[in-house]
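Please look over the sequence and the model before reading on.

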Amino acid sequence: MNLPKLTFWKAVMVVVFLGGAYATLLRFTRGLGAATHLSDSFPWGLWIGFDVLCGVMMAAGGFTLTATVYIFNIERFRPIIRPTVLTAFLGYVLVVVALLFDLGRPYRIWHPLVMWNPRSVMFEVAWCVTLYTAVLALEFAPIVFERLRLEKALRIQRAISIPLVILGVLLSTLHQSSLGSLYLIVPGKLHPLWYSPLLPVFFFLSAISVGLAMTIFESYMSSKAFGKQLELPLLITLGRVLLVSLLVYGVLRLQDLYHRGALRYLRHPGYEADLFLVEVVLGLALPIALLLNRRVRESTGGLYFAAVLVLLGFITNRLNVSITGMEASAGLHYVPKWTEIAVTGSIVAAGFAIFGLAAKYLPIFPEGPLAPAPREVDHLPAMKRYEFGSGG
Amino acid sequence: MSKAILYDATICIGCKLCEKGCAERNKLPYDDNVAAEQTMSAHKLTFVMISGDKFMRRLCMNCEDPTCASVCPVGALRKTASGPVIYEESRCIGCRYCMLACPFGVPKYEWGKVLPRVRKCDMCADRVAAGRPTACAEICPTGATKFGDRDELMAEAKDRIAKAPNQYVNRIYGLEEVGGTSVLLLSSVGFERFGFNSPTEPLPILTYRVLSHVPDIVSLGGVLLGGIWWITNRRTEVAAAEGQAKEPGGKEPNRKERRQK
């Protein structure tokens with residue numbers, strides 16, 4: 001039953017990669033004008049809105065989980081730390097790849113590291129993303145060292161692991177929020193439903209939620225793809241934290257809209273209000289309602305479904321900030337060109353493919369099936385019955 | 001002494017010679033088709049906006065505290081002491097944040113090129129440095145575009161409004177907008193008609209307010225995270241030591257051993 005499914009996805013990947021290869025050729029031989037629907041009025045499109053903003057957001061599981069295990073010493077999360085760090089590392093590498101497509105002069109991508117402008121948010125983001133990618137590489141390194149049996153390198157890595165994690169959390173806090181700060185400079189251009197002085201806070205808080213959702217999502221996918229039994233008790237705890245983080249974000253967001261008097265824009269019919277509602281319903285209302293229900297919260301399928309909703313909701317949020325909210329002031333509707341979509345699709349597909357390869361050849365998952373911790377097993381049998389969407 | 005351009009729409013006759021002079025100085029093609037374009041672009045760095053029987057020049061405002069220069073991650077855009085905001089092509093990585101951020105929509109991109117540049121009016125920085133007026137001011141047949149010291153032009157603009165208050169709206173655009181600009185505009189109708197709509201506050205302060213907290217976040221966050229680790233780690237160490245002590249002959253695990261588990 002698994003084989004035809006795999007072949008289908010492989011076929012999809014081949015098609016996506018072929019499209020991506022042709023789009024890449026166009027991008028680098030004809031330029032941005034020929035390969036995108038970007039223009040003077042709309043200089044940032046899908047590659048920034050999705051590949052960069054959503055990519056960094058979805059890699060946020062790395063810093064939240066390493067902080068949980070190493071800083072807060074909550075040891076029982078250790079088994080899922082490797083796949084999460086791998087996801088984060090891949091995420092950042094792919095963000096850099098996407099930037100090479102989007103930058104007009106990709107071969108100068110290193111310039112911000114030597115030509116400083118500390119007043120620029122972009123400068124700060126460039127430094128943080130560079131350093132954090134290096135931190136993630138070092139956090140991921142033990143997995144490679146283990147495979148190659150490099151004992152000395154392993155010892156050195158262990159000695160610096162705590163400062164490394166602290167540095168990673170700080171860098172993540174800075175640039176996750178700074179991606180929101182990028183838009184503080186456009187008060188006259190970004191629609192009031194999204195422009196807020198609290199943008200950096202919203203981007204940071206939602207990155208935490210999405211990081212948790214991503215960890216749930218990817219544990220579930222790994223269990224399907226690699227037959228690694230799900231760490232259900234851990235995921236239930238993640239689900240609870242996800243619920244709380246969504247509630248905090250939701251309340252703060254509502255307060256902000258209310259205090260800025262922006263709620264009245266919801267009465268203006270139009271696609272801005274519609275897409276705002278899509279974002280709120282997918283990312284907040286539905287997952288909160290689901291996770292408040294104990295049966296959903298404590299079932300594999302329920303958690304997975306809620307996590308996917310959160311991901312879709314906040315992807316919509318990032319696209320709303322970067323695209324929907326900027327259209328009215330630009331006086332146009334931006335629809336990405338097929339080349340933009342092909343490149344983005346290839347980057348996402350590459351992410352899945354590399355994760356699969358790494359899971360196959362590197363010790364990402366603990367040996368043997370992961371039995372649920374005994375102390376939480378009590379109410380597990382009851383949950384089984386309420387699983388949905390996980391039957392396959 | 002900071003230089004500036006004063007454009008008085010009431011004297012402008014819409015001849016578009018300023019467009020032509022600008023194109024020549026920047027070695028850009030200029031013909032009837034380009035003249036008809038009512039927008040700035042990589043090949044047209046200034047244009048005379050025609051709205052009914054009113055004219056208004058659009059060009060880089062060469063702000064006193066330029067948003068573009070503040071957002072540029074590599075410092076490719078820079079305000080010079082003499083007024084012009086200049087662009088250093090060799091630094092530019094092509095992130096186009098300046099285009100997103102500029103409140104006047106000025107920086108434009110060479111979308112058709114494989115290795116594009118940002119293009120914008122740089123207030124003829126080379127000419128200004130040599131003590132000459134900008135190309136647009138030099139070619140203007142009526143004196144509608146005038147080049148000079150910013151302070152003197154400001155005084156002159158005030159004087160013109162005071163002498164003929166019913167010919168002008170009582171506003172010198174660029175005096176305070178986004179913290180002041182090196183291009184000053186006078187008009188007989190409201191500037192909103194030409195799409196001008198900017199706060200008086202310089203925009204770079206909006207991001208600087210957040211960025212200025214970075215050192216605080218790093219130092220405070222570092223201490224906080226380190227402290228939390230120290231407390232939780234000590235707690236686990238003690239628990240582990242107590243657990244081992246109960247077993248006969250159990251030895252206290254050191255930190256390294258425990259982390260290796």
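How many helices and strands does chain B have? Chain B has 10 helices and 9 strands, where helices (H or I, at least four residues) and strands (E, at least two) are DSSP runs numbered from the N terminus. The radius of gyration of chain B, taken over C-alpha atoms, is 29 Å, well over the 18 Å that the globule rule (2.2 Å times the number of residues to the power 0.38) gives for 261 residues, so chain B is more spread out than a compact globule. Along the principal axes, its C-alpha atoms fill a box of roughly 100 × 45 × 35 Å.

This is a predicted model, in which local features need pLDDT of at least 70 and side-chain atom pairs count only at pLDDT 80 or more, while totals for chains, interfaces and linings use all residues. Residues are numbered from 1 along each chain as its sequence is written, and chains are lettered from A and ligands numbered from 1 in the order in which they are written.

Buried residues make up 41% of the 261 residues in chain B; a residue is buried if 20 or more other C-beta atoms, placed from the backbone, lie within 10 Å of its own. In helix H1 (residues 17-25) of chain B, the buried residues are Cys18(B), Glu19(B), Gly21(B), Cys22(B) and Ala23(B), and these pack against elements of chain B including helix H2 (32-36) and strand E2 (47-51). After H1(B) comes Lys27(B), with a positive phi near 55°.

The contact between the chains takes 49 residues from chain B and 44 residues from chain A, two residues being in contact if their C-beta atoms, placed from the backbone, lie within 7 Å. On the side of chain B that touches chain A, the largest share, 12 residues, comes from H9(B).

Among the 176 residues of the largest nonpolar core, Val210(A), Ala213(A), Ile216(A) and Cys98(B) touch the most other members; such a core is a set of buried Ala, Val, Leu, Ile, Met, Phe, Trp, Tyr and Cys residues joined through C-beta atoms within 7 Å. Leaving aside neighbours within four places in sequence, Val210(A) is in contact with Met57(A), Met58(A), Ala60(A), Val310(A), Leu311(A) and Phe314(A).

Finally, helix H7 (residues 121-148) of chain A has 28 residues and reaches 40 Å from its first C-alpha to its last. Just after H7(A), Arg149(A) takes a positive phi of about 55°.

Terms used. Expected span 1.5 Å × (residues − 1). Buried ≥ 20, exposed ≤ 12 C-beta atoms within 10 Å, placed from the backbone.
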